Amino acid sequence: MMDELELLKKDWKSRESKLPKLSYDDLYGMIWKRSSSIVKWIFIISVIEFVLPHVLYLLPVAREGMEFYETLGLKNIMWGITVAPYPIVIYFIYQFYQRYREISALDNARDLMHKIIRTRKTVKNYILFALSVFLISFLLIAVGIAFSDGDTFVHALNLEKKALEQPIDNLKWVVAGILIAMGILCTAFLGLIYFLIYGLLLRKLDKNYSELKRLEI
(Lines give C-alpha, C1' and ligand atoms only; values in the text may rest on other atoms or scores of the structure.)
Protein backbone atom coordinates (compact mmCIF):
# COMPACT_ATOMS: atom_id res chain seq x y z
CA MET A 1 0.00 0.00 0.00
CA MET A 2 2.82 2.42 0.94
CA ASP A 3 4.64 1.64 -2.30
CA GLU A 4 1.53 2.51 -4.29
CA LEU A 5 1.19 5.81 -2.39
CA GLU A 6 4.81 6.72 -3.06
CA LEU A 7 4.39 5.93 -6.74
CA LEU A 8 1.32 8.17 -6.88
CA LYS A 9 3.25 11.01 -5.22
CA LYS A 10 6.14 10.69 -7.66
CA ASP A 11 3.73 10.58 -10.59
CA TRP A 12 1.97 13.74 -9.35
CA LYS A 13 5.25 15.59 -8.85
CA SER A 14 6.43 14.66 -12.33
CA ARG A 15 3.17 15.94 -13.80
CA GLU A 16 3.32 19.12 -11.71
CA SER A 17 6.80 19.88 -12.99
CA LYS A 18 5.51 19.71 -16.57
CA LEU A 19 2.75 22.27 -15.95
CA PRO A 20 3.46 25.76 -17.35
CA LYS A 21 4.60 28.31 -14.76
CA LEU A 22 2.74 31.59 -15.02
CA SER A 23 4.74 34.75 -14.50
CA TYR A 24 3.55 37.92 -12.73
CA ASP A 25 2.85 39.54 -16.10
CA ASP A 26 0.85 36.52 -17.26
CA LEU A 27 -1.33 36.55 -14.13
CA TYR A 28 -1.79 40.32 -14.27
CA GLY A 29 -2.77 40.11 -17.93
CA MET A 30 -5.44 37.51 -17.19
CA ILE A 31 -6.91 39.53 -14.30
CA TRP A 32 -6.77 42.73 -16.35
CA LYS A 33 -8.70 41.13 -19.25
CA ARG A 34 -11.32 39.71 -16.88
CA SER A 35 -11.76 43.06 -15.12
CA SER A 36 -12.05 44.93 -18.41
CA SER A 37 -14.69 42.47 -19.63
CA ILE A 38 -16.70 42.75 -16.39
CA VAL A 39 -16.76 46.56 -16.49
CA LYS A 40 -17.73 46.44 -20.17
CA TRP A 41 -20.73 44.30 -19.25
CA ILE A 42 -21.67 46.70 -16.45
CA PHE A 43 -21.67 49.51 -19.02
CA ILE A 44 -23.69 47.47 -21.57
CA ILE A 45 -26.31 46.43 -18.98
CA SER A 46 -26.73 50.03 -17.79
CA VAL A 47 -27.32 51.17 -21.40
CA ILE A 48 -29.90 48.39 -21.97
CA GLU A 49 -31.59 49.33 -18.70
CA PHE A 50 -31.83 52.95 -19.88
CA VAL A 51 -33.06 52.16 -23.42
CA LEU A 52 -35.50 49.32 -22.66
CA PRO A 53 -38.21 51.42 -20.90
CA HIS A 54 -38.24 53.83 -23.85
CA VAL A 55 -38.84 50.93 -26.22
CA LEU A 56 -41.68 49.72 -23.97
CA TYR A 57 -43.26 53.17 -24.10
CA LEU A 58 -43.95 52.50 -27.78
CA LEU A 59 -46.30 49.63 -26.87
CA PRO A 60 -50.06 50.39 -26.84
CA VAL A 61 -50.33 49.26 -23.20
CA ALA A 62 -47.78 51.88 -22.13
CA ARG A 63 -49.61 54.61 -24.04
CA GLU A 64 -52.88 53.58 -22.41
CA GLY A 65 -51.18 53.79 -19.05
CA MET A 66 -50.07 57.36 -19.74
CA GLU A 67 -53.62 58.25 -20.80
CA PHE A 68 -54.89 56.79 -17.51
CA TYR A 69 -52.53 59.01 -15.49
CA GLU A 70 -53.52 61.97 -17.66
CA THR A 71 -57.17 61.31 -16.81
CA LEU A 72 -56.26 61.43 -13.12
CA GLY A 73 -54.45 64.72 -13.64
CA LEU A 74 -51.06 63.11 -12.97
CA LYS A 75 -49.55 63.72 -16.40
CA ASN A 76 -47.04 66.31 -15.13
CA ILE A 77 -46.01 64.05 -12.24
CA MET A 78 -45.44 61.14 -14.62
CA TRP A 79 -43.38 63.25 -17.01
CA GLY A 80 -41.36 64.57 -14.08
CA ILE A 81 -40.72 61.05 -12.77
CA THR A 82 -39.66 59.95 -16.25
CA VAL A 83 -37.50 62.91 -17.30
CA ALA A 84 -35.98 64.21 -14.03
CA PRO A 85 -33.62 61.24 -13.46
CA TYR A 86 -32.21 61.43 -17.04
CA PRO A 87 -29.16 63.63 -16.28
CA ILE A 88 -28.08 61.47 -13.33
CA VAL A 89 -28.65 58.17 -15.17
CA ILE A 90 -26.67 59.46 -18.17
CA TYR A 91 -23.93 60.58 -15.76
CA PHE A 92 -23.69 57.06 -14.29
CA ILE A 93 -23.62 55.47 -17.76
CA TYR A 94 -20.82 57.86 -18.72
CA GLN A 95 -18.96 56.93 -15.53
CA PHE A 96 -19.21 53.22 -16.38
CA TYR A 97 -17.88 53.96 -19.85
CA GLN A 98 -15.02 55.95 -18.34
CA ARG A 99 -14.17 53.12 -15.93
CA TYR A 100 -14.12 50.70 -18.87
CA ARG A 101 -11.82 52.94 -20.90
CA GLU A 102 -9.52 53.55 -17.92
CA ILE A 103 -9.24 49.86 -17.02
CA SER A 104 -8.67 48.92 -20.65
CA ALA A 105 -5.65 51.25 -20.81
CA LEU A 106 -3.98 50.33 -17.50
CA ASP A 107 -0.57 48.66 -17.34
CA ASN A 108 0.06 48.14 -13.61
CA ALA A 109 -1.67 46.27 -10.81
CA ARG A 110 -1.95 49.11 -8.29
CA ASP A 111 -3.83 51.36 -10.71
CA LEU A 112 -6.11 48.48 -11.66
CA MET A 113 -6.89 47.84 -7.97
CA HIS A 114 -7.73 51.52 -7.53
CA LYS A 115 -10.04 51.50 -10.58
CA ILE A 116 -11.79 48.34 -9.36
CA ILE A 117 -12.54 50.07 -6.05
CA ARG A 118 -13.90 53.13 -7.90
CA THR A 119 -16.03 50.93 -10.17
CA ARG A 120 -17.53 49.07 -7.20
CA LYS A 121 -18.40 52.37 -5.52
CA THR A 122 -19.98 53.76 -8.72
CA VAL A 123 -22.10 50.62 -9.23
CA LYS A 124 -23.33 50.65 -5.62
CA ASN A 125 -24.24 54.34 -5.86
CA TYR A 126 -26.07 53.69 -9.12
CA ILE A 127 -28.08 50.83 -7.62
CA LEU A 128 -29.00 52.96 -4.59
CA PHE A 129 -30.08 55.82 -6.87
CA ALA A 130 -32.12 53.58 -9.21
CA LEU A 131 -33.97 51.89 -6.33
CA SER A 132 -34.64 55.25 -4.66
CA VAL A 133 -36.09 56.73 -7.87
CA PHE A 134 -38.24 53.64 -8.39
CA LEU A 135 -39.70 53.81 -4.88
CA ILE A 136 -40.16 57.60 -4.96
CA SER A 137 -42.10 57.20 -8.24
CA PHE A 138 -44.69 55.05 -6.48
CA LEU A 139 -44.84 57.46 -3.54
CA LEU A 140 -45.41 60.48 -5.82
CA ILE A 141 -48.17 58.69 -7.75
CA ALA A 142 -49.78 57.67 -4.45
CA VAL A 143 -49.69 61.26 -3.17
CA GLY A 144 -51.05 62.49 -6.51
CA ILE A 145 -53.98 60.07 -6.26
CA ALA A 146 -54.64 60.99 -2.63
CA PHE A 147 -54.98 64.67 -3.56
CA SER A 148 -56.63 64.20 -6.97
CA ASP A 149 -60.13 65.39 -7.84
CA GLY A 150 -62.67 63.02 -6.31
CA ASP A 151 -65.02 62.70 -9.26
CA THR A 152 -62.15 62.21 -11.72
CA PHE A 153 -60.62 59.58 -9.43
CA VAL A 154 -63.86 57.63 -9.14
CA HIS A 155 -64.49 57.74 -12.90
CA ALA A 156 -60.92 56.77 -13.87
CA LEU A 157 -60.91 53.69 -11.60
CA ASN A 158 -64.58 52.77 -12.16
CA LEU A 159 -65.36 53.05 -8.46
CA GLU A 160 -68.83 54.56 -8.78
CA LYS A 161 -70.46 51.76 -6.75
CA LYS A 162 -67.80 51.89 -4.04
CA ALA A 163 -68.19 55.67 -3.86
CA LEU A 164 -71.83 55.16 -2.87
CA GLU A 165 -70.79 52.94 0.04
CA GLN A 166 -68.02 55.08 1.58
CA PRO A 167 -66.48 58.55 1.30
CA ILE A 168 -64.35 59.19 -1.80
CA ASP A 169 -61.47 60.48 0.33
CA ASN A 170 -61.32 57.12 2.10
CA LEU A 171 -61.19 55.34 -1.26
CA LYS A 172 -58.36 57.58 -2.43
CA TRP A 173 -56.28 56.87 0.67
CA VAL A 174 -56.92 53.13 0.37
CA VAL A 175 -55.71 53.15 -3.27
CA ALA A 176 -52.73 55.33 -2.28
CA GLY A 177 -51.86 52.88 0.51
CA ILE A 178 -52.06 49.93 -1.90
CA LEU A 179 -49.75 51.77 -4.30
CA ILE A 180 -47.21 52.44 -1.54
CA ALA A 181 -47.27 48.76 -0.50
CA MET A 182 -46.84 47.73 -4.16
CA GLY A 183 -43.98 50.22 -4.47
CA ILE A 184 -42.14 48.69 -1.52
CA LEU A 185 -42.62 45.13 -2.83
CA CYS A 186 -41.64 46.05 -6.41
CA THR A 187 -38.57 47.94 -5.16
CA ALA A 188 -37.53 44.90 -3.12
CA PHE A 189 -37.99 42.69 -6.20
CA LEU A 190 -35.99 45.11 -8.36
CA GLY A 191 -33.29 45.13 -5.67
CA LEU A 192 -33.14 41.33 -5.91
CA ILE A 193 -32.69 41.57 -9.69
CA TYR A 194 -29.91 44.12 -9.23
CA PHE A 195 -28.31 41.86 -6.63
CA LEU A 196 -28.36 38.91 -9.04
CA ILE A 197 -27.03 40.85 -12.07
CA TYR A 198 -24.78 43.61 -10.75
CA GLY A 199 -23.99 41.64 -7.59
CA LEU A 200 -22.60 38.77 -9.67
CA LEU A 201 -20.37 41.15 -11.64
CA LEU A 202 -19.21 42.92 -8.47
CA ARG A 203 -18.33 39.62 -6.82
CA LYS A 204 -16.17 38.77 -9.83
CA LEU A 205 -14.49 42.17 -9.53
CA ASP A 206 -13.93 41.54 -5.81
CA LYS A 207 -12.28 38.24 -6.68
CA ASN A 208 -10.02 39.99 -9.19
CA TYR A 209 -9.14 42.61 -6.57
CA SER A 210 -8.18 39.89 -4.06
CA GLU A 211 -6.00 38.16 -6.64
CA LEU A 212 -4.27 41.44 -7.51
CA LYS A 213 -3.68 42.09 -3.82
CA ARG A 214 -1.99 38.71 -3.47
CA LEU A 215 0.18 39.49 -6.49
CA GLU A 216 1.35 42.72 -4.89
CA ILE A 217 2.35 41.06 -1.62
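The following is a dialogue about a predicted model and the terms used to describe it.

Biologist: What makes a residue or an atom pair count here?

Modeller: This is a predicted model, in which local features need pLDDT of at least 70 and side-chain atom pairs count only at pLDDT 80 or more, while totals for chains, interfaces and linings use all residues. Residues are numbered from 1 along each chain as its sequence is written, and side-chain values use heavy atoms, with hydrogens and water left out.

Biologist: How many helices and strands are in the chain?

Modeller: The chain has 9 helices and 0 strands. Both are DSSP runs numbered from the N terminus: helices are H or I with at least four residues, strands are E with at least two.

Biologist: How do you know that the span of helix α5 agrees with its number of residues?

Modeller: The expected span of a helix is 1.5 Å times one less than its number of residues. Helix α5 covers residues 86-104, which is 19 residues, so it should span 27 Å; its end C-alpha atoms are 27 Å apart, and the two values agree.

Biologist: Why is Asn208 called buried?

Modeller: Buried means under 20% relative accessible area, exposed means over 50%, and partly exposed is in between (1.4 Å probe, protein chains only). Asn208 has a relative accessible area of 2%, so it is buried. Asn208 lies in helix α9, residues 168-216. In the chain of 217 residues, 32% count as buried.

Biologist: What is Asn208 in contact with, leaving aside its neighbours within four places in sequence?

Modeller: Contact means heavy atoms within 4.5 Å. By that rule Asn208 is in contact with Ile31, Arg34, Ser35, Ile38 and Ile116. Ile31 is 177 residues from Asn208 along the chain, yet their C-alpha atoms are separated by 6.0 Å.

Biologist: Where does the side chain of Ser46 reach?

Modeller: The side chain of Ser46 reaches the backbone oxygen of Phe43 at 2.6 Å. Ser46 is in helix α2 and has a relative accessible area of 0%, so it is buried. Not counting residues up to four places away in sequence, Ser46 touches Ile93, Phe96 and Tyr198. Ile93 and Phe96 are among the buried residues of α5.

Biologist: Why is the pair Arg34 and Glu211 called a salt bridge?

Modeller: A salt bridge is a side-chain nitrogen of Lys or Arg within 4 Å of a carboxyl oxygen of Asp or Glu. The side chains of Arg34 and Glu211 meet at 2.4 Å, N to O, in a salt bridge. Arg34 lies in helix α2 and Glu211 in helix α9, so the pair ties together parts 177 residues apart in sequence. Arg34 is partly exposed at 33%, whereas Glu211 is buried at 18%.

Biologist: How many salt bridges does a search of the whole structure find?

Modeller: The search finds 5. Asp206 and Arg120 form one, at 2.5 Å, N to O. Asp206 lies in helix α9 and Arg120 in helix α6 (residues 109-146), so this pair ties together parts 86 residues apart in sequence. Asp169 and Lys172 form another, at 3.5 Å; they are 3 residues apart in helix α9, separated by about one helical turn. Arg99, Glu102 and Lys115 are linked in a network of salt bridges.

Biologist: Why is Glu102 called partly exposed?

Modeller: The relative accessible area of Glu102 is 22%, so this residue counts as partly exposed. Glu102 is found in helix α5. Leaving aside neighbours within four places in sequence, Glu102 is in contact with Lys115 and Arg118.

Technical notes. Polar contact = N/O pair within 3.5 Å; in protein donor to acceptor, adjacent residues only side chain to side chain.
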